[in-house]
Amino acid sequence: LVSLLLVGIAVLAALPVAERLVRPFSALVDAARKVAMGDLSARVADPRRNDEVGTLANAFNQMTGRLQEQNTALVTANDQLDNRRALIEAVMAGVSAGVIAVAEDGTIRIANRSATELIGTGADGLVGRPLAFVAPELADLVNGNEREAIAQVARGGGEPRTLAVRIARTDSGPILTFDDITQQLLDQRRAAWSDVARRIAHEIKNPLTPIQLAAERLQRRYGSKVDADDTTFERLTDTIVRQVGDLRRMVDEFSSFARMPKPVFKEESLLDIARQALFLHEVAHP
């Protein structure tokens, strides 16, 4: 009986000691389970012990603290990247220039709406497709060493476009930006031809006035001296004055608009037209 009593007293005395020894390990296991579930704020409570268990609890708390700081930094960096990506996408969607980012294997990683419209690939889009297949002219520029170039891109079923292309080469692959200068080149050509037309018209117009004045003076000076039955002189001078007037009108139109004058429709005698044409032929081939 005394032995049983002693064993009972020993068990009762050992239970608090055992609980005191096991409690830090239980807290450490619970904290580890929370960390495994993603709760990086879990800590071992009251690790104020100078033995190995306290050292282990302090090391665990330091580890979870650093993990939480790194996770917070990663979340902040991802948020910044998302904001920058959204900003870049908004800017790319708003610019009129086409922008294409090409991967090292030649496939298109990024393309804005303007690039799709300028190249004209339809509903399939550009992302994920090889640049050499979509626009071989641009692929040739990428394979070369130029940073700026002019390229004509053939659109599917449409007229080719002239693009001013700029290439920026980065570690992740080349980035192409291009503008449609087709209309600009056409305007420049029209302006150049208009200037040439004005100069030509000026050179043609210079001798017309002396010719017309000379014909009119011949009419005034010699018209009364010519036999009244001979109408050749009058017809010749009238033809010169009329043709000079027509040429002056054509030159004025050509100089102003760099184009042929618009036709003026009015009733004319077919017989008179035939007579004028026959008379000009007789004069040219007497």
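Analyst: A residue is called exposed when its relative accessible area is over 50%, buried when it is under 20%, and partly exposed in between. The model discussed here is predicted.

User: Is Glu 268 buried or exposed?
Analyst: The cut-off for exposed is over 50% relative accessible area. Glu 268 has a relative accessible area of 52%, so the residue is exposed.

User: With which residue does Lys 266 form a salt bridge?
Analyst: Side chains of opposite charge can pair when their charged atoms come close. Lys 266 is itself exposed, with a relative accessible area of 62%. The closest N and O atoms of its salt bridge are 3.6 Å apart, and the partner is Glu 268.

User: How many salt bridges does the structure hold?
Analyst: The pair Lys 266 and Glu 268 forms a salt bridge. Arg 166 pairs in this way with Asp 179, and Asp 180 with Arg 161. The number of salt bridges in the structure is 3.

User: How many residues apart are Asp 180 and Arg 161?
Analyst: These two residues form a salt bridge, with the closest N and O atoms 2.4 Å apart. Asp 180 lies in strand 5 (residues 173–180) and Arg 161 in strand 4 (residues 161–170). The pair links distant parts of the chain, and its separation is 19 residues.

User: What is the relative accessible area of Asp 179?
Analyst: Asp 179 forms a salt bridge with Arg 166, the closest N and O atoms being 2.8 Å apart. This pair links strand 4, which holds Arg 166, with strand 5, which holds Asp 179. Arg 166 counts as partly exposed at 34% relative accessibility. Asp 179 is partly exposed too, with a relative accessible area of 24%.

User: Within what arc do the buried residues of helix 7 fall?
Analyst: Helix 7 covers residues 208–222, and its buried residues are Leu 208, Gln 212 and Ala 215. Seen down the helix axis, these buried residues line one face of helix 7, because they fall within an arc of 65 degrees.

User: Which residues are exposed on the other side of helix 7?
Analyst: The buried residues of this helix include Leu 208. On the other side, the exposed residues of helix 7 are Arg 217, Arg 220 and Arg 221.

User: In which helix does Val 196 lie?
Analyst: Val 196 is partly exposed, with a relative accessible area of 34%. With Trp 193, Ile 200 and Ile 204, Val 196 forms a nonpolar patch on the surface, and together they have about 400 Å² of accessible area. Val 196 lies among residues 182–205, which make up helix 6.

Methods: Residues are numbered from 1 along each chain as its sequence is written. This is a predicted model: local features need pLDDT of at least 70, side-chain atom pairs count only at pLDDT 80 or more; totals for chains, interfaces and linings use all residues. Side-chain values use heavy atoms; hydrogens and water are left out. Helices (H or I, at least four residues) and strands (E, at least two) are DSSP runs, numbered from the N terminus. The expected span of a helix is 1.5 Å times one less than its number of residues. Buried means under 20% relative accessible area, exposed over 50%, partly exposed in between (1.4 Å probe, protein chains only). The arc is that of the directions from the helix axis to the C-beta atoms. Patches are made of residues with over 30% relative accessible area and no salt bridge: like charges are joined within 9 Å, nonpolar side chains (Val, Leu, Ile, Met, Phe, Trp, Tyr) within 5 Å. Accessible areas come from the Shrake-Rupley method with a 1.4 Å probe; for residues, only the protein chains shown count as cover. A salt bridge is a side-chain nitrogen of Lys or Arg within 4 Å of a carboxyl oxygen of Asp or Glu.
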